[in-house]
Amino acid sequence: MMALKLRALLCVITLLSASLVSARQPPAKSDEGGDTTIKRLTTLLNRSGKDYRVKIRITSRSNNGDRNIVYLNATRDADPEGDTLQFKIKGDDTSLQTLCLQCLSTGGVSNCGSGSDALIPEPEMLFPGSILPWEEILVGACGTWVVEKSPLVATTKQLPRQDYQVRLANAAFENSWVSTLVTLDTDSGDPVYFDRIDHHGMILRRIKVLEIGRTGSWRGIRRAIIEIPDGRVLMEVVGFRKGAGKSH
Amino acid sequence: MSWFRQVDQYGLVSLIIDSISCRPLRALIAVLSIAVAMGGGMTMVGVSESLEATVQQGYASRQVDLMLMQANKSNPMTSRISETFVDQVRKIDGVQGAQAALIDSLLLDNDSGILVYGWPPGYQEISYRQGGEVIELQQGQVLIGRTAASLHDLTPGKTIELNLGDFEIIDFFEANSFFESGVLFMRLDDLQQLTSARETVTFIFINLDQDLTESSRWQLMEEIEAINPILKVVTTEEFLQKNQLTASVRGLGRIILVANALLSILIISTIMVLTVSERRQELAVLRAMGWSATRVSMLVLLETAVLATVAALIGGLIGLVGMKASLIYVQTLGVYSQSIVTLQQIMWLGISTVVIATIGAALPIYFTLNITTSEALRK
């Protein structure tokens, strides 16, 4: 009787050990229906819903070699009625600008500041001190992204293989792109490119993902280069603090 | 063999060898599973210890006693303080020297990150030799460490792009430590311009007079912090404790080590309980022959200890191989470290072995103590 109990215990331990070993497996290369990939991409792209302060360094280099750097300090007050974002923009050649934006729950962006802070930037306008249009910052700050399987796979021959596309669930203004296709790394399953596709089916902007934060405070894209017709823009998260919103 | 009989006068060793050799597969499974579990834990502990020891070697070679940085920064690399503080620090009695440096992780044109140190004019770090003459770097020029050069396939004479700015590699620099050989050195003003960090630095490295007492050292630290409320002085040990990478690897390593040690205890305990239950009659015969319960228990404890020790030795080797492989991987993230076996690692291994053997033997010993002499007569 005792030997039987011991064998049962041994089996439990073996199963426990096996489950511990298999607990941290690398992502599957192809998952059933792409559910895991969709979940991972959705988590990566959408904000956490918590207060935080993030410092982003935006380095632009135009095709004629002009280089410019600007820092964006964004403080987020998360709210189910609509997050509030305080922007402070400053660079060597860019004087301090402040901006208050509210991401509306129904979609869209409204102002929450006064005076010059009250201006809502036009999406096609360039972000101060860079060659990046405001629309990329606005959709990054207030956009809710939905990830789905791409219907364009293997139908558009001039594009690299893109299995997924992302679209804005709360599009508030007309974007200059029609869809965003995602190219995944075949080994890690991480996104490598996000391609903004225009009305003619051509790549308007390519966001090349260079670093994704998996540990530490910032879990998301930490470093990316955006290739645009006028040049390249490097965006880097250089500082992050959780729960810093309400106090400011 | 007479010496063996003398050593093993009670026959304990012979009985242990006999027990293990009668169940070789069971012993092998126990040893290998514990060895793999301990090897995993030792890998993590080894990586954190090596990272810390390598960085520590770097500070020691620069004779850094204290580091001045921005207060309230959870990630020390994001510290930014005015470069003018360096002159104020140098004026304080007891300070032998102070060096300012701006450090940032920049993007190379091969899409990988690299640490770049910016040094002010006049520092030997931004000088190189050409035809016996010492020349200081010009704007747009960098020096490269040999590890960084081999990892990124870069050589002097090449032009590289750093955060979308163009730079020419002029020469190699002789690094003070293995960690620094994985970085680039450039002029402070170049790095400030490249990252829009005008007139700021990340750290000020401070060397103190060697004859300072502990109390005057604390007083001096307070004096330095009094220059400006934004400043925080830390010792190199405190800095390493705060470093996110080493702290997270260290923490994770200890958790894995403890979890794997618990798993090892469960494995060895189960194996030994099985062994004791199968050898009940044999152990009862020993009791009937006059062996005390303590001596029979000692037999079980020693057998557990033998298995745990063999497993620890194999686990240590697995840990060493794992540590070297992990550090090669860590290099691809831009962190350079030698694989260093420290006394602390060996202590962790030794303590784990003793703990696994002692606790793992508790349950089998409990079963052993319940064996009566009458069981020797049962079939």
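Predicted model: local features only at pLDDT ≥ 70, side-chain atom pairs only at ≥ 80, totals over all residues.
1. On secondary structure, chain B comes out with 12 helices and 13 strands. Its radius of gyration is 29 Å, whereas the globule rule gives 21 Å for 379 residues, so chain B is more spread out than a compact globule. The C-alpha trace spans about 90 × 50 × 40 Å along the principal axes. As for burial, 41% of the 379 residues of chain B count as buried.

2. Now a helix pair worth a look. Helix 3 of chain B covers residues 24-62 and helix 12 of chain B covers residues 343-369; their axes come within 10 Å and cross at roughly 150 degrees. Angles over 145 degrees count as roughly antiparallel, and that is why helix 3 of chain B is described as roughly antiparallel to helix 12 of chain B. The crossing of these two helices is right-handed.

3. Who makes the contact? From helix 3 of chain B, the residues are B:Ile34, B:Met38, B:Met42, B:Val45, B:Gly46 and B:Glu49. Helix 12 of chain B brings B:Gln344, B:Gln345, B:Trp348, B:Leu349, B:Ser352 and B:Ile356. By class, this contact has seven nonpolar, four polar and one charged residues.

Definitions and conventions. Residues numbered from 1 in each chain as written. Chains lettered and ligands numbered in written order. Helix = DSSP H or I, 4+ residues; strand = E, 2+ residues; numbered from the N terminus. Rg over C-alpha atoms; globule rule 2.2 N^0.38 Å. Buried ≥ 20, exposed ≤ 12 C-beta atoms within 10 Å, placed from the backbone. Axes fitted to C-alpha atoms, helices over the stretch in contact; angles between N-to-C directions. Parallel < 35°, antiparallel > 145°, perpendicular 65-115°, else oblique. Left-handed = near helix turned anticlockwise from the far one by under 90°. Contact = placed C-beta atoms within 7 Å. Nonpolar A, V, L, I, M, F, W, Y, C, P; charged D, E, K, R; others polar.
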